[in-house]
Amino acid sequence: MYPTSCDTFVALPPSTEGQRIVFGKNSDRPCDEVQEVVYFPAKDHEPEEKVQCTYIEIEQVAQTHAVVLSRPAWLWGAEMGANEHQVCIGNEAVWGKESVDGEEALLGMDLVRLALERADTAERAVDVITDLLEKHGQGGNCMEDECGLTYHNSFLISDRTEAWVLETAGKYWAAERVEAGYRNISNEYSIETKIDREHPELRTYAEKQRWWNGKTEFNFATVYSYSNTARIEAANGRRCEGRKLLQKSQGHIKAETMMEILRDKESGINMEGLFMTTGSMVSVVPKDQNLPGVHFFTATPDPERSVFKPFIFVVDIKQLKHTCSPCFGEEDPVKKKPRFQSKPNRKHPLFLKHEGAAAIIDSGGVKGERIVEKMRVLEKQKLTEMEKYLTKGIEDATLLVHLFTDTVDEEISIYSNA
């Protein structure tokens, strides 16, 4: 069971409605893997303090930003998330001519979290990830139940003003700035000749490996990709379909548009089967610094049968005792060695209730239709409420402290009363 899909999208003015950036990602993982949404407040750290990532320990920085993450419940890092500065990041598995290191190092998902905790702009996130790659490398098993699944990573990173695509091959990398329009990535290299930043040895290394003759125009995707595999073909087809869906709504892309794209099954973007979409995220970030960003997460599989629930960073949220996690949070049992013994049950209450409701929906009938109808009503209600904050700002932050968890409770109520 190997990854066959994963997609991340961003749309910027003039492709969006209003002066807003809209970010979206589907996290496609093993169908039995639980994804949780967790919040970690900003924090000051002691000199020489270390941070334990999924596999390795690295140096901590003096101060980390508040983050909200959607992550596979067994690891430290995250598939996608945002920070208090409205930086959003999603990663994709990619493979190419450069061999993948099986040694335990930083996972791409660790790099997502580390960049969100340490960067206050999209370009600084590029710096964080590339510096960490140079120092610690990337590698290690990317699935809890199967040894030996490793991959390189690509990242789509956005903030209030722009987006960056960062694609890696071991320690080597290329980055492309996106200042307008839209961009999407899948499980293939997609940066071609528009390279705005790169590893200083990116081209000389390719020349030494005889992947590039040093004379023709340098095309990163062409030089570093496999010439042709079924996996690459599938990713290319999905990326093309995603681009078409973005193009279809160009000039009018908003949160609902991105949610519909993530729900699209015909394109393969909403993956079904042994490897499926286990969590989804959509963020709406106004260019206006005085307006909040709104970050929607499902925390459940299949966005077509899930509710996108909103989260907003508020100034005093770090003083709360509770997080927005419906699951274990930082005290996940996987941190207790040895690993790869019997897998603990990580199914949080929302996941369990959703699992039962999904079975009713799949069986057909009036009961399932009513559940879906109520889910859509709840989601539409939240979208309408969030539009007020996106347009007028926040007057009373205390109303938003439990926004995500309150919506989780409302969703669970729908399933419990079905």
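Predicted model: local features only at pLDDT ≥ 70, side-chain atom pairs only at ≥ 80, totals over all residues.
**Notebook: a helix pair and some salt bridges**

I started with Arg263, which is buried at a relative accessible area of 7%; buried means under 20%, exposed over 50% and partly exposed in between, with a 1.4 Å probe and protein chains only. Its side chain meets that of Glu260 in a salt bridge, 3.7 Å from N to O. I call it a salt bridge when a side-chain nitrogen of Lys or Arg is within 4 Å of a carboxyl oxygen of Asp or Glu.

Residues are numbered from 1 along each chain as its sequence is written, and side-chain values use heavy atoms, with hydrogens and water left out.

**Other salt bridges**

I got a count of 32 salt bridges by this rule.

Next I looked up Asp196 and Lys194, whose side chains form a salt bridge at 2.6 Å, N to O. Asp196 is partly exposed at 37% relative accessible area, and Lys194 is partly exposed too, at 42%.

Then I checked Glu241 and Lys244, which pair up in a salt bridge at 3.3 Å, N to O. Both sit in helix H5 (residues 230-248), three residues apart, or about one turn of the helix. Helices here are DSSP runs (H or I, at least four residues), numbered from the N terminus. Glu241 is partly exposed at 31%, whereas Lys244 is exposed at 53%.

**H1 against H2**

I moved on to helix H1 (residues 108-118) and helix H2 (residues 122-136), which pack at about 130° with their axes 9 Å apart. That makes H1 oblique to H2, since angles under 35 degrees count as roughly parallel, over 145 as roughly antiparallel, 65 to 115 as roughly perpendicular and the rest as oblique. The axes are lines fitted to C-alpha atoms over the stretch in contact, and angles run from 0 to 180 degrees between N-to-C directions.

Which residues of H1 meet H2? I found Leu111, Leu114, Ala115 and Arg118 in H1 against Ala125, Val128, Ile129, Leu132 and Leu133 in H2, taking contact as heavy atoms within 4.5 Å. By class, the contact has eight nonpolar, no polar and one charged residues.

Last entry: H1 is mostly covered, with 11 of its 11 residues buried. Among them are Asp110, Arg113, Glu117 and Arg118.

How values were computed
Helix = DSSP H or I, 4+ residues; strand = E, 2+ residues; numbered from the N terminus. Nonpolar A, V, L, I, M, F, W, Y, C, P; charged D, E, K, R; others polar.
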